[in-house]
Amino acid sequence: EEVFDGFVILSIDDLPEGVRATPGTEVEPDSPPQETIAKRERFTTKNQKATLILFADPGAPAMRLPVTGRVFAQPVINGKLGARIFVKEIPIFVIKGAA
C-alpha cells in the first residue's frame with residue numbers, strides 16, 4: 001500500500017487437519033497496448049497479484065462444517081520481517097470427491 005514495493009509473505013492460520021497452503025504463480029494475459037502518457041506511474045496504480053493454493057492430503061478427513069482460516073500478510077523491509085498484518089478470514093471446507 002502507498003508506495004510499498006517490497007516482498008510480502010502470505011500465510012494462513014487455522015487450517016484443517018491434512019490441509020496445507022503453498023504459494024503459486026500464474027502468467028497474466030497480455031493487456032492491450034495503452035496510449036503513451038509521460039510519467040504514467042504518477043497516474044496509475046501498480047497492481048500485484050498473489051496466489052495461495054490450498055491442498056488437502058488424500059487422508060485429510062472430510063468435514064461436516066467449514067472452519068475459518070485466517071490470512072496474514074507480512075512485509076519484508078530492508079531484508080527484515082515486519083509485523084504480521086491480518087488480511088481476512090476465509091471459509092475452508094474439506095469434502096471427499098469421487099475417485
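Let's start with Arg20: its relative accessibility is 45%, so this residue counts as partly exposed. In this briefing, buried means under 20% relative accessible area, exposed means over 50%, and partly exposed is anything in between (1.4 Å probe, protein chains only). Keep in mind that this is a predicted model, where local features need pLDDT of at least 70, side-chain atom pairs count only at pLDDT 80 or more, and totals for chains, interfaces and linings use all residues. Residues are numbered from 1 along each chain as its sequence is written, and side-chain values use heavy atoms, with hydrogens and water left out.

**The chain as a whole**

- What is the secondary structure built from? The chain has six strands and zero helices, which gives the order β-β-β-β-β-β when you read from the N terminus. Helices (H or I, at least four residues) and strands (E, at least two) are DSSP runs, numbered from the N terminus.
- The chain has 99 residues, and 14% of them count as buried.
- Take the contacts (heavy atoms within 4.5 Å) whose separation is 6 or more: 71% of them are between residues 24 or more positions apart.

**Salt bridges**

- Side chains of opposite charge can pair when their charged atoms come close. The rule used here asks for a side-chain nitrogen of Lys or Arg within 4 Å of a carboxyl oxygen of Asp or Glu.
- How many salt bridges does this rule give? The count is three.
- One of them joins Asp13 and Arg84, with 3.2 Å between the closest N and O atoms. Asp13 belongs to strand β1 (residues 7-13), while Arg84 is in the loop between β5 (80-81) and β6 (85-92), so this pair ties together parts that are 71 residues apart in sequence. Asp13 has a relative accessible area of 27%, which makes it partly exposed, and Arg84 is partly exposed too, at 40%.
- Arg20 and Asp57 also form a salt bridge, at 3.4 Å from N to O. Arg20 sits in strand β2 (residues 19-24) and Asp57 in the loop between β3 (51-56) and β4 (67-77), so parts that are 37 residues apart in sequence get tied together.
- Arg70 and Glu89 make a salt bridge as well, this time at 3.7 Å from N to O. Arg70 is in strand β4 and Glu89 in strand β6, so the pair connects parts 19 residues apart in sequence. Both ends are partly exposed: Arg70 at 28% and Glu89 at 46%.

**A second look at Asp57**

- Is Asp57 buried or partly exposed? With 33% relative accessibility, Asp57 counts as partly exposed.
- Leaving out residues up to four places away in sequence, Asp57 touches Gly18 and Arg20.
- Asp57 and Val94 are 37 residues apart along the chain, and their C-alpha atoms are separated by 9.9 Å.

**Gln74 and its neighbours**

- Gln74 is found in strand β4, and its 17% relative accessibility means that it counts as buried.
- A polar atom of the Gln74 side chain is 3.0 Å from the backbone oxygen of Gly82.
- Not counting residues up to four places away in sequence, Gln74 touches several residues, among them Phe7, Ile9, Leu81 and Arg84.

**Rings**

- How many aromatic pairs are there? There is one. Phe72 and Phe86 have ring centres 5.8 Å apart and planes at 70 degrees, so the pair is edge-to-face. It connects distant parts of the chain, with Phe72 in strand β4 and Phe86 in strand β6, 14 residues apart.
- For the cut-offs, rings of Phe, Tyr and Trp (its six-membered ring) pair if their centres lie within 6.5 Å; planes under 30 degrees apart are stacked, over 60 edge-to-face, and the rest tilted.
- Phe72 is buried, with a relative accessible area of 9%, whereas Phe86 is partly exposed at 39%.
- Arg84 turns up again here: it lies over the face of Phe72, 4.0 Å from the ring centre. A charge sits over a ring if NZ of Lys or CZ of Arg is within 6 Å of the ring centre and within 35 degrees of the ring normal.

Notes: Polar contact = N/O pair within 3.5 Å; in protein donor to acceptor, adjacent residues only side chain to side chain.
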